[in-house]
Amino acid sequence: MPKSTSYHEKLIQDLKNPLEAAAYIEVVLEEGDPKMLSKALKNVIEAHGGIDRLSAQVNELYNQLDQMLSDKGEIEFYSLNYLLDALGLHLAVTVKP
C-alpha cells in the first residue's frame with residue numbers, strides 16, 4: 001500500500017514554487033491573523049531550505065518579525081517587505097473585487 005503524504009509535507013513541497021508561496025502569503029495577509037502570518041512565514045522559509053539558509057541579517061530580521069508578531073500582533077511593513085524580498089517574493093496591492 002502506498003504511503004500517504006502528510007498535509008505539511010505537501011504544503012512545503014508546494015511552497016517551493018514562488019507563485020504558490022506568494023499566493024499563500026497573500027491569503028494569510030488577507031485573513032489578518034498575526035499568528036497565522038508567523039506560521040506562514042515559517043512554512044515558506046522551511047520550503048526554501050530552512051532558517052539556516054538565510055543570511056545572518058535576514059535571519060535576525062525574521063526573528064525580530066516573529067517576536068513582534070508574538071508580542072504585539074503587528075509588524076513593521078518594511079521589515080516584512082525585506083524578508084519577503086529575501087524569499088524571492090514581494091507585496092502587491094490590487095483592487096478588491
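This is a predicted model: local features need pLDDT of at least 70, side-chain atom pairs count only at pLDDT 80 or more; totals for chains, interfaces and linings use all residues.
View 1. The axes of H3 (residues 34-47) and H4 (residues 56-71) come within 9 Å and cross at roughly 155 degrees; axes are lines fitted to C-alpha atoms over the stretch in contact, with angles from 0 to 180 degrees between N-to-C directions. H3 is therefore roughly antiparallel to H4 (angles over 145 degrees). On the H3 side the contact (heavy atoms within 4.5 Å) involves Pro-34, Leu-37, Ser-38, Leu-41, Lys-42 and Ile-45, and on the H4 side Tyr-62, Asp-66 and Leu-69. These residues comprise six nonpolar, one polar and two charged. Residues are numbered from 1 along each chain as its sequence is written. Local features need pLDDT of at least 70, side-chain atom pairs count only at pLDDT 80 or more, totals for chains, interfaces and linings use all residues, and side-chain values use heavy atoms, without hydrogens and water.

**View 2. Packing of helix H2 against helix H3.** H2 (residues 18-31) packs on H3 at an angle of about 170 degrees, the axes being 9 Å apart, and the two helices are therefore roughly antiparallel. H2 contributes Ala-21, Tyr-24, Ile-25, Val-28 and Leu-29, while H3 contributes Met-36, Leu-37, Ala-40, Leu-41, Asn-43 and Val-44. The contact residues divide into 10 nonpolar, one polar and no charged.

View 3. Val-44 counts as buried because its relative accessibility is 1% (buried means under 20% relative accessible area, 1.4 Å probe, protein chains only). Beyond its neighbours within four places in sequence, Val-44 contacts Leu-15, Ala-21, Tyr-24, Ile-25, Leu-87 and Leu-89. Lys-16, 28 residues from Val-44 in sequence, lies 7.6 Å from Val-44, C-alpha to C-alpha.

Conventions
Helices (H or I, at least four residues) and strands (E, at least two) are DSSP runs, numbered from the N terminus. Angles under 35 degrees count as roughly parallel, over 145 as roughly antiparallel, 65 to 115 as roughly perpendicular and the rest as oblique. Ala, Val, Leu, Ile, Met, Phe, Trp, Tyr, Cys and Pro count as nonpolar, Asp, Glu, Lys and Arg as charged, and the others, Gly among them, as polar. Buried means under 20% relative accessible area, exposed over 50%, partly exposed in between (1.4 Å probe, protein chains only).
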